[in-house]
Amino acid sequence: MPRHLLSLLLAATLAAHCGPTAAQSLLVGSGSERKLSVDGRPFIILGGELGNSSASSETDAARIFPKLARMGLNTVLVPAYWDLMEPVEGEFDFSLTDAAVRHARANGLKIVFLWFGAWKNSMSCYAPEWFKRDSRRFPRAHTESGKPLEIASAFSDNVFKADSRAFEALAGHIAKTDTAHTVIMLQVENEIGMLENARDYSADATRLYRSAVPERLTDYLTKNRATLHPDLRARWEANGARTNGTWEQLFGPDEYGEEVFMAWHYALYVGKMADAARRHTSMPLYVNAAMNSRGRRPGQYPSAGPLAHLIDIWRCGAPAVDFISPDIYDPGFASWASRYATCGNALFIPEMRLSDDNGAQAFYAIGEHRAIGVSPFSIENGSEAGKLGKAYDALRKLTPILSGDYGRHGMLFETAEQEQAWTEDGLRIAARHFFTLPWDSRATDGSTWPAAGAVLIRLAPMEYILAGTGVVLTFQGEDEVTADAKAQAALGEDGFAANGAEGREAKTPRWTAKSRVGIASVDEVEPQADGTLRRVRRLNGDEDHQGRHVRIGVDGFQILHVKLYKYK
Ligand code: DGJ
C-alpha cells in the first residue's frame, strides 16, 4: 500500500476507535507527539485568536466570522467572558458563547473557548462586578510592600468556588448544547502570573510559603528526577535535592524559588478548575503563558505562569491540564516554540504576533514540532488577501500527510540564518532562504527578507514532499566532494557561469564519491483526501535550476513532490 494512504488508515482507526458518539475532540498518541483528532479525523488547528473585545457582541461575530472563513481558518479562538456570563451572582447568561458557536458553525469554523475568568494577563479584570466589589469575600494578592493588586488570590476558597462554578457551568452548557461538536478545546484562564513580586505576599500565602513542600510534589520530583526540566532539576539539586523541608529549603531563598512556590499554587487551582470541566467533557484543556523574555525577572514577567521551566510543577499540580502553551510575541519564534515542544509537552501556539511571517512560522511549528496548531492574535485585523490564507490552504491540503507517520524536518529562516543542513539515508540535505539566490532583486536591494518556512516530509527513501515558502534545497550524497560548491553558487539563473572570472582559481580535487544524487522529478502537487497526489504541474528547467535544486519562492506557498536518483 502506498505510504500516502497510511494517514487515511490512521483516520479510519480513530473513527473506529471513537465511534460516532465518542468525544468530538481528543488527543491521541503520547507526549510531544500527541495529535488532535476531531470527529474521528486528524485535525490541525489553522487558527486565529480574536482581539479581547471582539466577542462581546453578536454583531461582531456576525461581521468577523465570515471573513475568518475566507482567510482560510478552520478554528477561531474566542474569549468567554466571566463578567458578561454571570453579571448577577449565580445567574448564567450563555447568549454570547451560544452566538459564537452559531456563527462559527454557519461559517464552517471550530471554536476554542478561552476562559477569561479569575485571571486574564495576570489581572482579574474579567471577574464580574459583584466579585470585584467584595474584596473581603474575594481577597486579592498583595505585594511585598503590602499593596493589594487587582489580582484575585489563588489561595482563597471563595475565589476558586466562584470562578470554578462559572467555568463548570460553561463546560456543562457546551456539553449539553453543542451537539455538532463545534467547540474543540478549552483554555483555562489566560496568561496567569503574579506581577511586581515573584509571589503573593498576603498573609495566607506567606504562611504556606513558610510551611513544608507537600509530599505530592516531592514524590513527583523523586520519581521523575531523570526527566525533570533541566532548570528545575538544577535548582532542586543545587539545594541538596531534599525531599522534605520548606520551599526556601528545597528551591532556594531567591525570587526563582518563590516562583516555584507560586506556580504550585496556581497549578493546584487550575488543576481543580480542569477537574470541574472534566466532569462534563473530555476535550483537551490547556493553559497559556506570557513569555519570560527580554531578560526580565519573575514579577517583571508574569511570575509562575505555565512556563517551560515550570512544566513539572504545573504537570504535577494540574494533571487534568493536557499541555502548556506559549504566546509568542518576541523575536526568535523558533527558539520559543522549541522550548514548549520538549519534556513531553504537545506544542500548541494560541497566540503569536500577527504578521506576514505567520505562514512560514506555521509551517515550521507544524512541520518540525508536529504542533497541534497555531493562531495569530487579533486575527480579525488580518488581510483576506494576505499570505496566511495561502499558508493555511496548503497546510489544509497537507493535513492527511502531516498526520501520517512520516519522518520530517521543519525549517524556519527568520533573519540572518544562512543554511540548515542535515543528513539522512546517506544524503546531505541543505536548506537556505530563497533570497540567498541572488536572482530576485529584493534579495539585495535592502528589502526586509520575509521569513521563510517549510517542511520536508520523507515519503520513502529518495522521495519527499517539500511544502512551504521561500526556501531552496539541495541534495547530495554524503560522500560527494563539495570542492566545486563555490563554482556552482556562481552560476547564473540559466545554469551557466555568471561571468568568466568566476570559479576559475580553484583546482578541482579528484572526484572520489561512489555516485552522485540527481533530481528525477519535481512536481507541484495537490494531495487528495484519499492520500494520493494530484499533479498540478511539472517543474523542470529554470524552475529547478536545470536539476540542481528544489525551491519555493517567497510570495506564495507550494507543495512539491520531489523524487531523487543516483548516477555515476
Ligand atoms: C496576550 C494576551 O493573552 C492577549 O489576551 C492580549 O492581551 C495580547 N497579549 C495583547 O498583545
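A crossing of two helices is right-handed if the near helix is turned clockwise from the far one by less than a right angle. In this predicted model, that description applies to helix α2 where α2 passes helix α4, and α14 likewise passes α15 in a right-handed crossing.

**Ligand surroundings**

- The residues that surround the ligand are Asn 52, Lys 120, Asn 121, Asn 190, Glu 191, Asp 327, Tyr 329, Glu 351 and Phe 377.
- By class, this shell around the ligand is made up of four charged, three polar and two nonpolar residues.

**Polar contacts and cover**

- In the side chain of Asn 190, an N or O atom lies 2.8 Å from an oxygen atom of the ligand, while Asn 121 places a polar side-chain atom 3.0 Å from a ligand oxygen atom.
- Glu 191 also takes part, with a polar side-chain atom at 3.4 Å from an oxygen atom of the ligand.
- On its own the ligand has 300 Å² of accessible area, and the protein covers 76% of that area.

**Helix packing**

- Two packed helices are described by the angle between their axes and the distance between the axes.
- Helix α2, spanning residues 58–70, packs against helix α4, spanning residues 95–106, at an angle of about 20° and with the axes 9 Å apart.
- Because angles under 35 degrees count as roughly parallel, α2 and α4 are described as roughly parallel to each other.

Note on methods: Residues are numbered from 1 along each chain as its sequence is written. This is a predicted model: local features need pLDDT of at least 70, side-chain atom pairs count only at pLDDT 80 or more; totals for chains, interfaces and linings use all residues. Side-chain values use heavy atoms; hydrogens and water are left out. A residue is near a molecule or strand if one of its heavy atoms lies within 4 Å of it. A polar contact is a pair of N or O atoms within 3.5 Å; within protein, one must be able to donate a hydrogen and the other to accept it, and residues adjacent in sequence count only if both atoms are side-chain atoms. Accessible areas come from the Shrake-Rupley method with a 1.4 Å probe; for residues, only the protein chains shown count as cover. Ala, Val, Leu, Ile, Met, Phe, Trp, Tyr, Cys and Pro count as nonpolar, Asp, Glu, Lys and Arg as charged, and the others, Gly among them, as polar. Helices (H or I, at least four residues) and strands (E, at least two) are DSSP runs, numbered from the N terminus. Axes are lines fitted to C-alpha atoms, for helices over the stretch in contact, and angles run from 0 to 180 degrees between N-to-C directions. Angles under 35 degrees count as roughly parallel, over 145 as roughly antiparallel, 65 to 115 as roughly perpendicular and the rest as oblique.
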